[in-house]
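Let's take a friendly walk through a protein model, stopping at a few spots along the way. Keep the 3D view open as you read.

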Amino acid sequence: MIDPATLPYRPNVGIMLFNREGALFLARRTDLRDVWQCPQGGIDENESPEEAAHRELREETGLRHATLLGSYPGWLPYDLPAHLIGKALGGRYRGQTQRWFAMRMVEPDSAINLAGDGTEPAEFDRWEWVRPQDVTTYNLGFKRPLYEQILPALAALAPPAV
């Protein structure tokens with residue numbers, strides 16, 4: 001059995017993408033039964049968190065342009081559930097430490113492509129625009145507390161633009 005305390009956190013970014021009406025892009029994962037989340041992913045070597053956020057958005061949604069509205073202050077770590085230690089994230093991490101960004105979508109909905117930019121396998125099989133106050137009605141899996149913590153601050157950065 002792996003002792004999680006001996007494993008590091010993986011640096012990661014998360015993106016809360018809002019449309020002009022202030023709704024949040026939420027997508028259903030392909031690998032977890034009915035778990036929804038925002039785009040997110042690891043930070044590559046020699047890449048800033050902001051660069052990683054734009055890259056991850058492109059890889060997971062196919063979107064090439066989004067306006068950066070701001071970020072949640074600081075890094076937020078989370079631990080994987082015990083049954084995923086040694087399996088998820090290549091088995092090398094106890095969880096992730098995340099930097100979260102709010103972005104505004106500037107492309108039309110038709111530009112969203114869940115196959116992303118083709119560099120990675122699709123992580124999502126369905127997406128919806130969700131009012132921020134309705135996000136926690138979705139199955140967010142073990143990341144629910146994280147979303148409950150950051151959503152109010154990031155949604156405040158993206159009021160309806162109409």
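## Starting with an arginine

Arg 28 has a relative accessible area of 22%, so it counts as partly exposed. Keep in mind that this is a predicted model. Which residue does Arg 28 pair with in a salt bridge? The partner is Asp 125, and the closest N and O atoms are 2.8 Å apart. Arg 28 belongs to strand β2 and Asp 125 to strand β8, so the pair ties together parts that are 97 residues apart in sequence. Asp 125 is partly exposed too, since its relative accessibility is 43%.

Now look at Arg 29. This residue is buried, because its relative accessibility is 17% and the cut-off for buried is under 20%. The side chain of Arg 29 meets that of Asp 31 in a salt bridge, at 2.7 Å from N to O.

The general idea is simple: side chains of opposite charge can pair when their charged atoms come close.

Another pair to find is Arg 55 with Asp 44, whose side chains form a salt bridge at 3.4 Å, N to O. Arg 55 lies in helix α1 and Asp 44 in the loop between β4 and α1, so this bridge ties together parts that are 11 residues apart in sequence. Are these two partners buried or exposed? Arg 55 is buried, with 11% relative accessibility, while Asp 44 is partly exposed, at 42%. Both take part in a network of salt bridges that links Asp 44, Glu 47, Arg 55, Glu 56 and Glu 59.

## Helix α1

Time to look at the helix itself. α1 runs over residues 49-61, which makes 13 residues. From its first C-alpha to its last it reaches 18 Å, close to the 18 Å expected at 1.5 Å a residue. An α-helix has 3.6 residues a turn, so residues three or four places apart point the same way.

Several residues of α1 are buried, among them Pro 49, Ala 52, Ala 53, Leu 57 and Thr 61. What do the buried residues of α1 pack against? Their partners are the strands β1 (9-18), β2 (24-29), β4 (40-42), β5 (66-71), β7 (95-105) and β8 (124-130).

Arg 58 also lies in helix α1. With a relative accessible area of 27%, Arg 58 is partly exposed. If you set aside neighbours within four places in sequence, Arg 58 is in contact with Leu 63, Arg 64, Gly 116 and Asp 117. Arg 58 and Pro 39 are 19 residues apart in sequence, and their C-alpha atoms are 9.5 Å apart in space.

Most residues other than glycine have a negative phi. With that in mind, check Asn 46: this residue is not a glycine, yet its phi is positive, near 65 degrees. You'll find Asn 46 in the loop between β4 and α1. Asn 46 counts as exposed, because its relative accessibility is 76% and exposed means over 50%.

## A tryptophan in a loop

Trp 75 lies in the loop between β5 and β6 (76-79). Trp 75 is partly exposed, with a relative accessible area of 38%. Beyond its neighbours within four places in sequence, Trp 75 is in contact with Asn 12, Ile 43, Pro 49, Thr 97, Gln 98 and Arg 99. Trp 75 and Val 13 sit 62 residues apart in sequence but 9.3 Å apart in space, C-alpha to C-alpha.

## The largest pocket

Finally, find the largest pocket, which holds about 750 Å³ of space. It is lined by 36 residues, and nearest its centre lie Arg 10, Arg 29, Leu 89, Gln 96 and Glu 123. The elements giving two or more residues to this lining are β1, β3 (36-37), β4 and α1.

Which element gives the most to the lining? That is α1, with 4 residues. Sorted by class, the lining of the largest pocket has 16 nonpolar, 9 polar and 11 charged residues.

How values were computed
Residues numbered from 1 in each chain as written. Predicted model: local features only at pLDDT ≥ 70, side-chain atom pairs only at ≥ 80, totals over all residues. Heavy atoms only, no water. Expected span 1.5 Å × (residues − 1). Buried < 20%, exposed > 50% of the residue type's maximum accessible area, 1.4 Å probe, protein only. Contact = heavy atoms within 4.5 Å. Salt bridge = Lys/Arg side-chain N within 4 Å of Asp/Glu carboxyl O. 1 Å grid on protein atoms, 1.4 Å probe; cavity = no way out; pocket = protein on both sides within 12 Å on 5 of 7 lines; lining within 4 Å. Points joined across faces, edges and corners; volume = space filled by probe spheres on them. Nonpolar A, V, L, I, M, F, W, Y, C, P; charged D, E, K, R; others polar.
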